[in-house]
Every structure is written in structure tokens, then in C-alpha cells.
Amino acid sequence: MSSRKALFFDVDGTLLDEKTRRIPESAVKAVQEARRQGHLAFVNSGRVSKLLDSVRDMIEMDGWLCGCGTYLIAGGRELYARSIPHERGVEIRRLLKQYRIEGMLEGKGGCYLPEAVSWMPAIERSRRLIAAQGALSPLPLEDESYDYDKFCCITDENSDKEGFFGNLQADFDIIDRGNNFWECVPKGHSKATAIAAVLKEYGLSLEDAYVFGDSTNDLPMFAYAKNRVLMGKHDRELEVFDSFLTRNVEDDGIAWALKQLGLI
């Protein structure tokens, strides 16, 4: 075990206050102090890299682990990158249409949404939010010229989600994010595999890793890590793990946890 620790932070609901869309100043200062004391700090997010540009403007980190482990940047260099094979990516576009499901394809270049206005209000809300963050690609979902790393989809009463997910089960992990919103990640990739790659890169042990999260796509890193910090507001699925329970993000939960755990 090293005196140097590696800290891995989810973004939405953990570092980022989802109401203000800002990182509390207390969290910025606390992470800065942890790094000053020699610890390493990483964002470990389901967001793809382009969707983290606004977060990069708010806080400095030692690395950015993006797209549930599909694209990793550490120490200013690309550590790992993996896209869905091109033909499989084209097939997924077809399957979305076949099973009446709306999708959002996500890659290093940004997010790709359907060209036409969607019949699902949630897609249009996502379109506006992604555009506001400068991460909406000018290329639509239907364009087959590009590759992407992962994708999300939304179902409704007209969707055949069983048929669609049956076509994905061999090569994708499907994460239920609630409200008929699903995150689909290539098997062998997760927030846990991202942590493992970073620990290997820096010669640290699993005991040196601390994870901070609040939602179901944090399950892999909570299952993998030994030192877990659970935000005050969180998905109940994470409660099966023995974790340090901190305050809500807007109540200085990150700073409070780092102090209580002796990391600053």
C-alpha cells in the first residue's frame, strides 16, 4: 500500500450538482488540495470525452476516464481507446429502428442523435442539453460513416426492448438508468476496468483506490473497489456495498468525505 492514493469521481450527482450544472467550489478546492498532497484524481464517467469538456473547464484532474472505460486519458496521454466494430455499429442503427427504440450514439467526437425530431420528448430534452454543452455532432445517428464507443437508448410502450436487448446480450452490458433510459457498454469495459488500467499505469494497489459515486453505472467500480464513498443522494442499488456515506454534492459532500477520510 502506498501513501499516494488514487481518487476516482463520477460526475453527475457526485462532482456535479445536477441542479446548477456546476461543481461546488468546496469540491474544486478539496480535489486541488488532495492533488497538492500527492494524491491522484481522476474523473471516471459514463460520459464520452466531448461531454466532459465543460467539466474540464471547472476542475483540474490527473486524468479523464470516459465512456465507462472505453476511452482513457491519464497523465496527459491516451492510455486506452476502443470503439464498437464498424459493422456492428451499423447493425445497431438498424436494430434501433427495427425495434422502435430511440438511440444516442456516443463517441470521442461527441453525441449523435436522430436527424428528425423524435416522438420521444426525452430525446429532444437530451438533444438540447447535449447541444448546450457543445457536444452534439452535426452528423446524425443515421449516418454510417463514423464509429462510436457506446450508446444510450430510450424505450416506450411501443418499443420491443426484449427483442432489442436480446440482440445485444452477447457483446454489451445493458445498464438500467431508470425511466426507460438504458446505457449500453461493450462487454469488458466499465468504470472498474478503467480503474484497473490506471492503477497498473501508476503502480498502485487496489487498496490505494477510493471511488466516489451515486448511480447505477457506478456499480462496477463499487463492486471492484475496497474504499467506497457513497453520496448522500444515491441509487438504492449501491447500498449493498459497505461504503462511507457522505453528504449530498450540493452540501459539500466531496470536501467533507476527503477530510473525514484523512485524504486532505
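The following dialogue explains how to read several features of a predicted model.

Student: What should be kept in mind about the model before its features are read?

Tutor: This is a predicted model, in which local features need pLDDT of at least 70 and side-chain atom pairs count only at pLDDT 80 or more, while totals for chains, interfaces and linings use all residues. Residues are numbered from 1 along each chain as its sequence is written, and side-chain values use heavy atoms, with hydrogens and water left out.

Student: What span should helix α1 have, and how far apart are its end C-alpha atoms?

Tutor: Helices (H or I, at least four residues) and strands (E, at least two) are DSSP runs, numbered from the N terminus. The expected span of a helix is 1.5 Å times one less than its number of residues. Helix α1 (residues 25-36) has 12 residues and should therefore span 16 Å; its end C-alpha atoms are 16 Å apart, which agrees. After α1 comes Gly38, with a positive phi near 105°.

Student: Which residues of α1 are buried, and against which elements do they pack?

Tutor: Buried means under 20% relative accessible area, exposed over 50%, and partly exposed in between (1.4 Å probe, protein chains only). In α1 the buried residues are Ala27, Val28, Ala30, Val31 and Ala34. They pack against β1 (6-9), β2 (40-44) and α8 (253-260), where contact means heavy atoms within 4.5 Å.

Student: How are helices α3 and α5 oriented to each other?

Tutor: Axes are lines fitted to C-alpha atoms, for helices over the stretch in contact, and angles run from 0 to 180 degrees between N-to-C directions. Angles under 35 degrees count as roughly parallel, over 145 as roughly antiparallel, 65 to 115 as roughly perpendicular and the rest as oblique. The axes of α3 (residues 86-98) and α5 (residues 161-168) come within 11 Å and cross at roughly 170°; the two helices are therefore roughly antiparallel. Arg88, Ile92, Leu95 and Leu96 of α3 make the contact with Phe164, Asn167 and Leu168 of α5.

Student: What is the order of the strands in the open sheet of 8 strands?

Tutor: Strands of a sheet pair through backbone hydrogen bonds, either parallel or antiparallel. Two strands count as paired if DSSP finds at least two bridges between them. Here the order is β5-β4-β3-β2-β1-β11-β12-β13, with mixed pairing. At the edges stand β5 (77-81) and β13 (244-245), each pairing on one side only.

Student: How does β3 pair with β2 and with β4?

Tutor: Strand β3 (residues 63-66) runs parallel to β2, joined by 3 bridges, whereas β3 and β4 are antiparallel over 4 bridges. Gly63 in β3 stands opposite Phe42 and has Ala74 as its bridge partner in β4. In the hairpin of β3 and β4, with 4 residues between the strands, Gly67 has a positive phi near 60°.

Student: Which residues lie on each side of β3?

Tutor: In a regular strand the side chains alternate between the two faces of the sheet. In β3, Gly63 and Leu65 are on one side and Trp64 and Cys66 on the other; all are buried, and both faces are covered.

Student: Is the loop residue Val48 buried or exposed?

Tutor: Val48, in the loop between β2 and α2 (53-56), is buried, with a relative accessible area of 2%. Beyond its neighbours within four places in sequence, Val48 contacts residues including Cys66, Gly67 and Glu106.
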